[in-house]
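Student: I'd like to go through this one with you. Can we look at some local details and then the domains?

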Amino acid sequence: MMKRYDLIVIGAGPAGLSAAIQAAKNGVKVAVFDENKSPGGQLFKQIHKFFGSKEHKAKVRGFRIGQELLKEAEQTGVMVHLNAIVMGLYNNKEIMVNENDQTNHYKADSIIIATGARENMIPFEGWTLPGVMGAGAAQTMMNLHGVKPGSKVLMVGSGNVGLVVSYQLLQAGVEVVAIIDAAPRVGGYGVHASKVTRTGVPLYLSHTIVKAEGTETVSGAVIAQVNSSFQKIEGTEKHLDVDTICIAVGLSPMSKLLKMAGCKMEEAAGDIPGVDENNQTSLEGVFIAGDVAKIEEASSAMITGRISGISAGRYLGYIDDEVAGNDISKLKNSLAQLHKGMFSPENKGRIDIEETDEGYKTSESLLKKGYIDDNEILSFPGVPKKKVVGIHPVIECVQNIPCNPCQDACKNGCIKVGEIITKLPAVDPDMNCIGCGLCVALCPGQAIFLVDDDYSDDYATVTLPYEFLPYPKAGTKGIALSREGKRVCEAEVLYCRTNTAMDHTALLTIKVPKEMSMKARFFTAKEAL
Amino acid sequence: MRIDKHPVLEEFEKGEVVEFTFDGKNMFGYEGEPIVAALQASGVKVHRHTTKTGEPRGVFCAIGRCTDCVMVVNGKPNVRTCVTPLEKGMQIETQYGIGTKE
């Protein structure tokens, strides 16, 4: 007999779970289907702290948000069918599901498709060799299964996925030999690029992968420079000694079920379903949530999920029209906050942004080299221009991205972002910093440092966010690296602090010669670099 | 290839250590982890060879989508090793085309 529900949600990732929770809260009988053996989608491999503001769960690591969602789903009575591959969606809102190699049918009065996205690939010579994999695959291997995907990795793609996964590879103890991108500028957030660059990982922009070398597995890679039409420049080939090549060149919606049911797509042959302002597709009662409609961060997916949950609840008659309208408009405001700034959907692909929203000249170097150049750093509002006595924050956050945990982190009001969360954080020049370092630990972009130029006659201290093991012990001597990841001077570890609130971002305080306090941004105990 | 201690995740929850065979050789992995994790940890990267040209293939998407990592498991071909949990005594074999080597 065919089982019936009020609402069927396909996909138990951040979008699908959020949608199901929101509908269930309003009394809708919901079942979620997911092909995996555990729910959460890709959220459990997101181990970095999320951007946004408090309502977007900023500064919380992705997998912890996943744990919260699962708890909420349980509390609201959302039923999740796992190991359940939805093979078909029919236009009478019936689904066909493969469970334990049996085919079952389910029917609902409303459907929400939250099937997410898949990684894009680029073909090149040798791209099918074992050792070439999606960046997401590498992330799955290391963050879910605790196994390194390789020893020496080339990352292809400098978008947020490429940058974040590169950083996570370093955290797993894997060497990132280089990050390349065919575009002439860094694709992802500058703060994500900076935290990789300062560890010494080289970034080759206007470079493409020519081939993966090897017969049985990857034994190397050849990259080459490209011209402005993305054509390879002969004679610029360079060999890299790697055993793994990760591909991070974007994602595409997995919208096959919608196509099967006859849903109209934005473009006839495209992957993106056309939807109205309440996330309803061209099929009445069939809604979408998350990446299946538009590739974004998980934070946005959770909001679109909630919007769809409410829309479905309204469609089914469980939610009053006015209440639904109000709730949806609140969620849309929240989503709009994430859609502002330099990386907003409308600014996507733009390369002509010369000024920040506040009128500061954008950092050219951050876009073209992946770090803020010494001669640009002083022009931003998070960096004090005059000499500050004693310890104080230096905020190297210079692009309009939607994020404000630094403002909440400082109980002494030294840091101001304001109402619009994409504004650059400004440091009050007459501040009363007590050196607690919470801003350093809670900044999801790891872009805040504490500097004390008055440590002694000859030395200053720099406190930096540190998420690598082992934590260097007090007294360890090593090398301070610049934003560019180059050796700047000798440094000595004074202490390495951590506490629960900092959630695994340690504060590493190093002692450097006074004149290096605005240059030293990373520490390595390794001698040679 | 295992990550002993992780700066954010600390330790990975794993099942019991179990023995399995890869192409007849004894190996160890953790019960319940995907087969691919146990193989990767033991340095095995080639999962299969393609039907027509015999080219090697390994893990590619790691989430059960691409089917590049399929192997012969307990005599059954085309098993997606990235989403199939390891069990004690499993016989895992490199896949050649759509079966084992003749």
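Student: Is Ala62(B) buried or exposed?

Tutor: Ala62(B) counts as buried because its relative accessible area is 4%; buried means under 20%, exposed over 50% and partly exposed in between, with a 1.4 Å probe and protein chains only. This is a predicted model, where local features need pLDDT of at least 70, side-chain atom pairs count only at pLDDT 80 or more, and totals for chains, interfaces and linings use all residues. Residues are numbered from 1 along each chain as its sequence is written, chains are lettered from A and ligands numbered from 1 in the order written, and side-chain values use heavy atoms, without hydrogens and water.

Student: What is phi of Ala62(B) near?

Tutor: Near 65 degrees, a positive value in a residue other than glycine. Most residues other than glycine have a negative phi.

Student: And phi of Asn83(A)?

Tutor: Asn83(A) has a positive phi too, near 50 degrees. Asn83(A) is partly exposed, because its relative accessibility is 43%.

Student: Where is the cis peptide bond?

Tutor: Between Leu469(A) and Pro470(A), with omega about -5 degrees.

Student: Switching to domains: how many residues of domain 1 of chain A contact domain 2 of chain A?

Tutor: Seven, against 12 residues of domain 2 of chain A, where contact means heavy atoms within 4.5 Å. The bounds, from an automatic or database domain assignment, are 3-117 + 252-338 for domain 1 and 121-249 for domain 2.
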